[in-house]
Amino acid sequence: MPPAAAHDPLPLARALIRCRSVTPADDGALAVLEAALAPLGFACHRLRFGEVENLFARRDGKGAGPHLCFAGHTDVVPVGDAAAWTADPFGGEVRDGRLYGRGATDMKGGIAAFVAAVQDFLAARRPDAPGSVSLLITGDEEGPAVDGTARVLEWMAANGQIPDMCLVGEPTSRARLGDLVKIGRRGSLNAAVTLHGIQGHAAYPQRADNPVHRLVRVLHGLTAQPLDAGTEWFEPSSLQLTSIDVGNPATNVIPAAARARLNIRFNDRHTGESLTRMLRAALEAEGARFDLEVSVSGEAFLTRPGPFVEALQRAARRATGAEPALDTGGGTSDARFIARHCPVAELGAVGATMHQVDESTPVEELRGLAALYRAVLEEVFA
Ligand SMILES: [Zn+2]
């Protein structure tokens, strides 16, 4: 087990879990965090956008030094099947060495671990040592993510608060703490396609124009070839058909329209725009009327290995003994917004129970995460 931090992250993690902050509710979670940060010398800015509460807190040393930002979220996903939980999802119960509750791993535990790490780090340091530490905490990561990190970053840019590097505390570790640093994420695009034809009698196809045949041809063309072969850091992009809908109850009618939906998880060889062009070209090749609706939930991004990623790897090795792999898998995260401003990487708890019934974390691992984040601070401000 990694060495325990001198400051225990457990009390703050429990206090945060006891706030019922299911997106977009805050229920006092950011006030709990502010109360922990203000005595450490952080200037706290509460930023409300729409119905979402956000917090940017920053502590400056004297003189010039790097600015490290820790990004995370206090909102949590809904409880789900409440009857299936063996602990109160908002109770912060510790049982048999595990802390139970919504957000224990994703990611109130991570926030508490970082605050404990900052306490330890500052206690061991001259109070006026150079360098700045900040926290960008949103209440809208698990929801639409419109009035959260993206808006806070706009505010930070307008106020000269963009950091030199950003650590996102999502639960990224795979089997053991510190075994994975996420340096990028795939992008995600959803598309809905409608092909229009001419309705008619199935026995007289020459008088109709069958949109189902056209749709099948288009979809076959889109899925016949892989989108790419992957890159040094990314797996091949993947296009998945998620639905094909005609909704035709008759056996003797050629329908007027046929619809399909698809999802593309794409690497940094593509953008939402380039993929939209590809879809449009495939549809135009059919020569029929069509509608195409596209929504890009996130562009792909990559932070190439460099001094920041290496500092995270050294910290993980030193604090946990694990050999951290570099990875770009999984879904999207708020790091996609941050990547437009500075190098960003993700390093956090083992995410085995995130979003599940009985979400929980071993208390020893929570303390290990605090030790890991302290090592990150030491490496960055060495
Ligand atoms: Zn999360």
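The accessible surface of the protein is about 16200 Å², and carbon and sulfur atoms make up 50% of this area. The areas come from the Shrake-Rupley method with a 1.4 Å probe; for residues, only the protein chains shown count as cover. This is a predicted model: local features need pLDDT of at least 70, side-chain atom pairs count only at pLDDT 80 or more, and totals for chains, interfaces and linings use all residues. Residues are numbered from 1 along each chain as its sequence is written, and side-chain values use heavy atoms, with hydrogens and water left out.

**Overall build**

The C-alpha trace spans about 85 × 45 × 40 Å along its principal axes. Nine helices and 19 strands make up the secondary structure. Helices (H or I, at least four residues) and strands (E, at least two) are DSSP runs, numbered from the N terminus. Of the 382 residues, 53% count as buried. Buried means under 20% relative accessible area, exposed over 50%, and partly exposed in between (1.4 Å probe, protein chains only). Contact means heavy atoms within 4.5 Å. Among contacts with a separation of 6 or more, 79% come from residues 24 or more positions apart.

**Cores**

In soluble globular proteins, nonpolar side chains tend to be buried together. A nonpolar core here is a set of buried Ala, Val, Leu, Ile, Met, Phe, Trp, Tyr and Cys residues joined through side-chain atoms within 4.5 Å. The largest one has 57 residues. Leu33, Leu68, Phe70, Leu167 and Leu377 have the most contacts inside it. Helix α9 (residues 363–380) gives the largest share of this core, 10 residues. A second, separate core holds 22 residues, including Leu195, Leu227, Leu283 and Leu292.

Leaving out residues up to four places away in sequence, Leu167 touches Leu68, Cys69, Phe70, Ala71, Phe308, Leu312, Ala345, Leu347, Tyr373 and Val376.

**Backbone exceptions**

Most residues other than glycine have a negative phi, and most peptide bonds are trans.

| Residue | Phi | Relative accessible area |
|---|---|---|
| Asp96 | near 50° | 77% |
| Ala145 | near 60° | 6% |

Asp96 is exposed and sits in the loop between β4 (94–95) and β5. Ala145 is buried and lies in the loop between β6 (132–138) and α4 (149–158).

Cis peptide bonds come next. One runs from Thr23 to Pro24, with omega near 0°. Pro24 is in the loop between α1 (10–17) and α2 (29–37). Another joins Asp106 and Met107, with omega about -15°. Met107 lies in the loop between β5 (98–100) and α3 (108–123).
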